[in-house]
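Look at the structure first, then read the notes by topic.

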Amino acid sequence: MLVPITYTLRSLFVRRSATFLTVLGIGATVAVLAGVLALRAGFTTLFVQNGRDDVAVFLRQGATSEGESGITRETCDRLIKTLPQIAKAGGPEGAPLAAMECYLAVRRNKLDGGGETNVPIRGVEAASLAIRGDALRFVEGRALQFGSDEVVVGRKLVDRIESCRLGDVVQLNTTPFRVVGIFECDGPFESEIWGDFERMLVALQRPVANRVVAKLVPEAQGDGFEPFATMLAEGDAYQDLKVIAKTERAYLAEMTGALGTTLLVLSLALSVIMGLAATFTATNTMLSAVASRTHEIGILLSLGFRPFPIFLSFLFEALVLGLLGGAVGCLLALPINGIETGTTNFATFTEVAFAFRVTPPVLAGAITFALVLGLLGGAVPAWRAARLAPTEALRRR
Amino acid sequence: MVSFKLVRRYLGKHKVRSILTIGSLVVALFLLCMLRSLVVALDAGVRGAKRDRLVVQSAVSLFVDLPQSYQSKIAAVEGIETICKWQWFGGRHPTEEAFFAQFAVDMSELPKLYPEIAIVEGSFADVAAERRGCVVGRTLAKTFNWQLGQTVPLLGTIFPGPPGDGWQFTIKAIYEPTSSAVDGNTLFFHWDYFEETVESTMGMTPGTGTYFLRTAPDADQVAIAGAVEQLFDNGPQRVTCSTEAEFQAQFVSMVGNVPFFVAAIGGGVLIAIVLACINTMLMAFREQLHDAGILKAVGFTDGSVAGLMLAESLLLCGLGGFGGIALAKLSEPGLRAALGSMFPGYEVTGETLLLASALTLAVGLVAGVVPALRARALRVVEALRSVE
């Protein structure tokens, strides 16, 4: 026979000041964990979910990011003009949907007075915009006009970085570029400044392109991509170029790998350390719950309740404490959802802006963590309660 | 007066609870010390910076190299005693996962620029005698278990290595930094080996990412920096000449809101631990209600009964807090070794210890004040009527 649940719930209510303090304590712990997880969720969604499988990124062999990569114009030309796997605009006779891009992290001042940071500048070609298609939207001003000294700016930079508003002038080395448009684009591009590839090479004194991006024909997507990449790296036709291809999704996932792992390790370490402290608190509360109800436990035992249901009853009480703490923690963490922040991604050494995302998996993780805390904290006290001898327990008042 | 013996006895009466509370305090204070030390570590390079060192870099980007032709023009500026090329190499070890920094430098100038690089094994002369010779930090050597004379292979991510063997460096000296201006996790190697190899593999003469300068001690650094910047105002690459502190600070500002996040986490830890201590002290108060009545009945004043509660709280928190602080200090060398590549300047500073002690005291006071006030207001008859 199980101890009635109402007994457990009412005892939590009777000892409400202890319950309240414990729940808040667990809540604070859970909120910290949820915050770190939300940061990670925001960061990885931005990169990975928006990476495309139908777009290939070509880099120099050995380079891990486009900043490190460099591909000569001749190599780019050969790739773009001869690879049959690159899709053509408007039918087989059209121009290849592929573009050379240069990429440089430039020093810019933050608007919040926090000093300098590195903002990615990307030199693009007309095909770069065509590949993005409808995902690229100009929300202010107009699109980039190729051949002139203008740039368009990602929306996330406007309020964070100096001289990124419409009409402002971005000085690159000795050349001024006018901001003619603000764009939105899913993925990390919203933290970038885009200009004409050719003009950027001249202004920044860059000798070569950093990468080539291309839309793939359907045959080279999905399962067809692996053979294509192998052919490029190892096949006789292209081996001498020393170029490798990755899908955009795989490339962006690599860019976030280090920071994502750091955040995950951080949240795990924090939850273990803080969880230990929270477990101690829960154990204290439950020990005192058992101590103050020793007499009642004696009555329950003499009424014929077996030790195991009593054990379960106290464990359940601890779980409810944990659950309440988890709920409080989630409530505390919810307001940070959508808050935008920025940090440097050390894989590219550039700043990316992204929003905290309190996603269902984040909440589920937080609640699970809280339940584990309750379970660990309640186990010993519940065991103690179940092992009481009825006569001894009844004698205590 | 509050009897210390009484305080100790009360805490000893509920051993498990006292130990658990102390345990969570140890954990919390340890965590707070560690988090603060991580933030402090970010500033290590800035703190160790010297006034007479200047850094010249591209005004556009950290990733744009400066032509080598700049060197003689900069060196001609009056007041500059040493100029050293300094190029980020960005290589990866073929088998080790951990990342560390490597720089191609003018090896003959390095000791003049950074006297803080104290050689503990081998010598700069040995490095000079070997084209592929390099100097590595002691921490780095320990991490990978490298010995003097050993060859270190690296894969170039920015600069592809020579065909065949790839990049190979021979450890000819091991250094130990004497200030936080220098990171003990770095590999320095010859500019000449770098330049000749890049010329043969990439067919171009490499530029240098930065020039590090050392001025005469009594020179006017601001004037020198201005003169250097003015040299290249009309291109081809504009430059920024900043003090070493400013140069290091740009890396600190890159981490953005991280210090704020860490502070938020620390706040969460602090709230949780304060609540836990209040909880414990309230439990203690309820159990001592009867005793408090007896104490008052036999003539203890209101103040001393309240003082008893407060002293209990302070002792409990003091034990836990200082345990945590001691743990943080004791684990410092171990954590520094473990966090080496990411937080080279990890250090539990005196300021951190002081701050943590103040927090411990504050937690003890906050947790003790409510039960103390209630004990003070307690009426003897009511207290005696209560049962334990």
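Between chain B and chain A the count of salt bridges is zero, a salt bridge being a side-chain nitrogen of Lys or Arg within 4 Å of a carboxyl oxygen of Asp or Glu. The model is predicted, so local features need pLDDT of at least 70 and side-chain atom pairs count only at pLDDT 80 or more, while totals for chains, interfaces and linings use all residues. Side-chain values use heavy atoms, without hydrogens and water, residues are numbered from 1 along each chain as its sequence is written, and chains are lettered from A and ligands numbered from 1 in the order in which they are written.

**Interface**
- In chain B, 52 residues are in contact with 55 residues of chain A (contact means heavy atoms within 4.5 Å).
- The area buried between chain B and chain A is about 4200 Å², counted as the accessible area (1.4 Å probe) that the two parts lose on being put together, summed over both.
- Carbon and sulfur atoms give 63% of that buried area.

**Cavities**
- A cavity is a set of points on a 1 Å grid over the protein atoms alone where a 1.4 Å probe fits but cannot get out, and lining residues have an atom within 4 Å of a point.
- Eight cavities of 30 Å³ or more are counted.
- The largest cavity holds about 180 Å³ of space, and of its 19 lining residues the closest to the centre are Phe47(A), Glu66(A), Tyr103(A), Pro188(A) and Glu192(A).
- H8(A) gives the largest share of the lining of the largest cavity, four residues.
- About 80 Å³ of space lies in the second largest cavity, and residues lining it include Thr29(A), Met274(A), Val27(B) and Ile273(B).

**Second largest pocket**
- A pocket is an open set of points with protein on both sides within 12 Å along at least five of seven lines.
- The second largest pocket holds about 1100 Å³ of space, and of its 31 lining residues the closest to its centre are Ser288(A), Ala291(A), Ser292(A), Arg293(A) and Glu287(B).
- H8(A) supplies the largest share of this pocket's lining, six residues.

**Domains of chain B**
- Chain B is divided into domain 1 (4-45 + 257-385) and domain 2 (60-237), with bounds from an automatic or database domain assignment.
- The C-alpha centres of domain 1 of chain B and domain 2 of chain B lie 48 Å apart.

Technical notes:
Points joined across faces, edges and corners; volume = space filled by probe spheres on them. Helix = DSSP H or I, 4+ residues; strand = E, 2+ residues; numbered from the N terminus.
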